2 protein chains.
Amino acid sequence: MSKNLTSNKTQMVDIARIAGVSVSTVSRALAGSTLVNDETRKRIVELAKSLRFSANVGAQNLRRGQSQTIAVVLPKSTADQQPVSDPFFIALLGELADALTSRGYDMLLTRVDEAQIDDIEGLVGSGRALGIVVIGQWLHHYALTALSSRGIPIAVWGAALPGSNYFIVGSDNRLGGQLATQHLIDCGRKKIMFLGDTRLPEVALRFEGYRDALIANGGMVNPGLTAAIPFEAKAARRALADLFAHTSDFDALFACSDLMAMTANALLAARGIRVPQDVCVVGYDDLSLASQVHPTLTSVRQPLADAAQALLDGVLYVREGGAAKMVILPTGLVERESTLRRSATKSAKSAQTKK
Amino acid sequence: MSKNLTSNKTQMVDIARIAGVSVSTVSRALAGSTLVNDETRKRIVELAKSLRFSANVGAQNLRRGQSQTIAVVLPKSTADQQPVSDPFFIALLGELADALTSRGYDMLLTRVDEAQIDDIEGLVGSGRALGIVVIGQWLHHYALTALSSRGIPIAVWGAALPGSNYFIVGSDNRLGGQLATQHLIDCGRKKIMFLGDTRLPEVALRFEGYRDALIANGGMVNPGLTAAIPFEAKAARRALADLFAHTSDFDALFACSDLMAMTANALLAARGIRVPQDVCVVGYDDLSLASQVHPTLTSVRQPLADAAQALLDGVLYVREGGAAKMVILPTGLVERESTLRRSATKSAKSAQTKK
DNA sequence: CGACAAATTGCAAACGTTTGCAAAGAAAAT
DNA sequence: ATTTTCTTTGCAAACGTTTGCAATTTGTCG
């Protein structure tokens, strides 16, 4: 019966009628334009509030030719039954949500299968979003490159790769690896095992840091002390269990995520190996969980809030025609119970002093 | 110079021109209408794909008078500096994301301060979303009631409260509490401590289940064996540390979240108390993490995927004018290392037999 | 008192779709 | 050959905003 498709939601024309002005005036008043008389403006704003009016965003976008929404895509590897992959991504997601809302943007969350990665172009093409933040780049470097070169504003959380033409934000993975390893060396450890799959760009960089630290201290990488543990929880557990079943010839672990470190801790504990006395463990990400478990976890912190800001800025910047950039954020080591610095005798300090 | 505000994105008129048909035909073809000749349809669909065209969703919504987006709001308590409160919510969020996308809806993620909870009405009022899923109801029961009675389609994850006029989905908290407690009793435990803030509706129900189980086994609640531990990680840690500093007169813990249980485990371990030998611990939620830590955590599982489906169904149902309902999902106990069933001698079985 | 500027308002044309209706053919029935 | 039916297409009017422009009112100055 009713003439309009959309249900009886109040809209500008209603307000205009009640206030006895035209729709234009209502529009301007609500937009805070100076073109409208102060008094009328107040009256209209008041009225709108009392009617709980909020303007149809679709129509606004249509008219203005732009949206205030940013799409955030989370990877979903086909093999992975976990709803959301890594707690770290979640933490980042949370920060992103806050950063976006505090700057007046809406957040459209999408999980995409790695295979459908190309489809996300539609998010922008359809005007749903003005740009895209991609969390986790190992969904096909080339796909992101293609997207970016086609003019889709994207910013990616990941590692800086050579030949990237897309905007990329990441932490200083190399430094992170270095800090962690140096700390373990300072703890007097000699056989530091690296846990992580170096096929992933970020892990590869952390590995370089690991190697650098070893070399800087007169050591070198022992191939027997590296294990390609995947990030995904269950697979990681399997791989670690398998690893520990075959070797216990290490006195420290450097894990590429806190989740991995925690799982390793659990498996070591089950074998009666004590952390940190027998084995020191350093994780990565500094999840809030890291300070909740036993033993609390020494970890490499990534500046999440800064990352979120940088990603948002990145999307907007690219959208304005800015060229792709790399933003590398600092990392720092947070020391907790899972590692134990030796008493001053053999610490980094004495390394400075000539023996 | 260009006449149109929106940048040079391809739109229907472009396709129409190239294909030599009218916009209407393009629209119909892409919508799969039978009104258009099979051959022309194919040609147009092909063309659209090759141009990577996707229709402007804003315009579609405007014209159709409805959107295909569902807003999901996550609580953000003002005091809480954690980006996203509880890992459980995250897991649910992930399931929601999958449920929504697999049914063709977009997901608009919003974090709201508890104070701004009323503002979420605008999400629907502005046509951005067709309905709202609220995760965590203890942001003001009354606000949700008001929202719902004003006709905003919402579905809430939480506990069934008397006098709710909004659609609510929750697990059977009472049963969960019962199962956990009964299991601890079956483990031969006598002093089972309840950890959780019973001011929260869900916790209150779990407590009832706890009480019921005690009574069913000829016991009763000992007020000294309940502690109002909050959910938020840091506060929980403080409260637990404080608790354990004052009492150790318990042989089992029933914690209202896995996070709480893990933290308790960590603090107990630091005090040299062994789990499960000295103290058995049951958590709640069955996070994927529960099977990663040491000892792996016995926990009450909530059916996340079902929950997500039910929430989505709920929003749609309410939007179609359906009356508010309560959906209570089953729970189950997952036994792991943190509890240890006694050998048959003193188990539940013998409780049946007359002494 | 007339002319001109400034302030405030309204008109109407977009924005990119969908869809009721009419039109134009083509095929079928008479 | 004429009418009827069916298939396929296009026209044009929405959907709810924003905004350039013109129109009106009011104020100021000579």
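Two strands pair if DSSP finds at least two bridges between them. The legends below describe close-up views of a predicted model.

**Figure 1. The open sheet of chain B is built from six strands.** Strand β9 (residues 280–285) and strand β10 (residues 298–301) of chain B pair in the parallel sense, and four bridges link them. Within this pairing, Gly283(B) has Ser299(B) of β10(B) as its bridge partner. At the edges are β7 (226–227) and β12 (332–334) of chain B, each of which pairs on one side only.

**Figure 2. Two aspartates of chain B, Asp285(B) and Asp286(B), have a positive phi.** Asp285(B) belongs to strand β9 of chain B, and its phi is near 115° although the residue is not a glycine. Asp285(B) counts as buried because 29 C-beta neighbours lie inside 10 Å. Asp286(B) lies in the loop between β9 and β10 of chain B, with a phi of about 50°. Asp286(B) has 24 C-beta neighbours inside 10 Å and therefore also counts as buried.

**Figure 3. Chain A contains an open sheet of six strands with mixed pairing.** The order of the strands is β7-β6-β8-β9-β10-β12. Because β7 (226–227) and β12 (332–334) of chain A each have a single partner strand, one side of each is left without a neighbour in the sheet. Strand β6 (residues 192–195) of chain A pairs with β7(A) in the parallel sense over two bridges. In this pairing, Phe194(A) stands opposite Thr226(A).

Figure 4. Pro295(A) is placed in the loop between β9 and β10 (298–301) of chain A.

**Figure 5. Helix α7 (residues 141–149) of chain A has buried residues along one face.** The buried residues of α7(A) are Leu144(A), Leu147(A) and Ser148(A). Viewed down the helix axis, these residues fall within an arc of 95°, so they line one face of the helix. They pack against α6 (121–125), β3 (131–135) and β4 (154–157) of chain A. Tyr142(A) and Ser149(A) are exposed, on the face turned away from the buried side. After α7(A) comes Gly151(A), which has a positive phi near 90°.

**Figure 6. Val318(A) is a buried residue of chain A.** Val318(A) sits in helix α12 (residues 304–319) of chain A. This residue counts as buried because it has 22 C-beta neighbours inside 10 Å. Beyond its neighbours within four places in sequence, Val318(A) has contacts that include Gly131(A), Pro153(A), Ile154(A) and Phe167(A). Ser291(A) is 27 residues from Val318(A) in sequence, and their C-alpha atoms are 37 Å apart in space.

**Figure 7. The largest nonpolar core holds 181 residues.** In soluble globular proteins, nonpolar side chains tend to be buried together. The residues that touch the most other members of this core are Val72(A), Ile132(A), Ile154(A), Val72(B), Ile132(B) and Ile154(B). Leaving out residues up to four places away in sequence, Ile154(B) touches Leu144(B), Leu147(B), Phe167(B), Val315(B) and Val318(B), among others.

**Figure 8. Chain A and chain B meet in a contact that takes 50 residues from each chain.** On the side of chain B that touches chain A, α5(B) provides the largest share, eight residues. This side of chain B comprises 20 nonpolar, 20 polar and 10 charged residues. Strand β2 (residues 106–113) of chain A pairs with β2(B) in the antiparallel sense over three bridges. Met107(A) has Leu109(B) as its bridge partner in β2(B).

**Figure 9. DNA strand C has 29 residues around it.** Those that come nearest are Ser22(A), Ser24(A), Asn37(A), Ser24(B) and Ser27(B). The elements that give two or more residues to this surface are α2 (23–31) and α4 (57–64) of chain A, together with α2 (23–31) and α4 (57–64) of chain B. The surface near DNA strand C consists of 11 nonpolar, 13 polar and five charged residues.

Methods:
Residues are numbered from 1 along each chain as its sequence is written. Chains are lettered from A and ligands numbered from 1 in the order in which they are written. This is a predicted model: local features need pLDDT of at least 70, side-chain atom pairs count only at pLDDT 80 or more; totals for chains, interfaces and linings use all residues. A residue is near a molecule or strand if its C-beta atom, placed from the backbone, lies within 6 Å of it. Ala, Val, Leu, Ile, Met, Phe, Trp, Tyr, Cys and Pro count as nonpolar, Asp, Glu, Lys and Arg as charged, and the others, Gly among them, as polar. A residue is buried if 20 or more other C-beta atoms lie within 10 Å of its own, exposed if 12 or fewer, and partly exposed in between; C-beta atoms are placed from the backbone. Two residues are in contact if their C-beta atoms, placed from the backbone, lie within 7 Å. The arc is that of the directions from the helix axis to the C-beta atoms. A nonpolar core is a set of buried Ala, Val, Leu, Ile, Met, Phe, Trp, Tyr and Cys residues joined through C-beta atoms within 7 Å.
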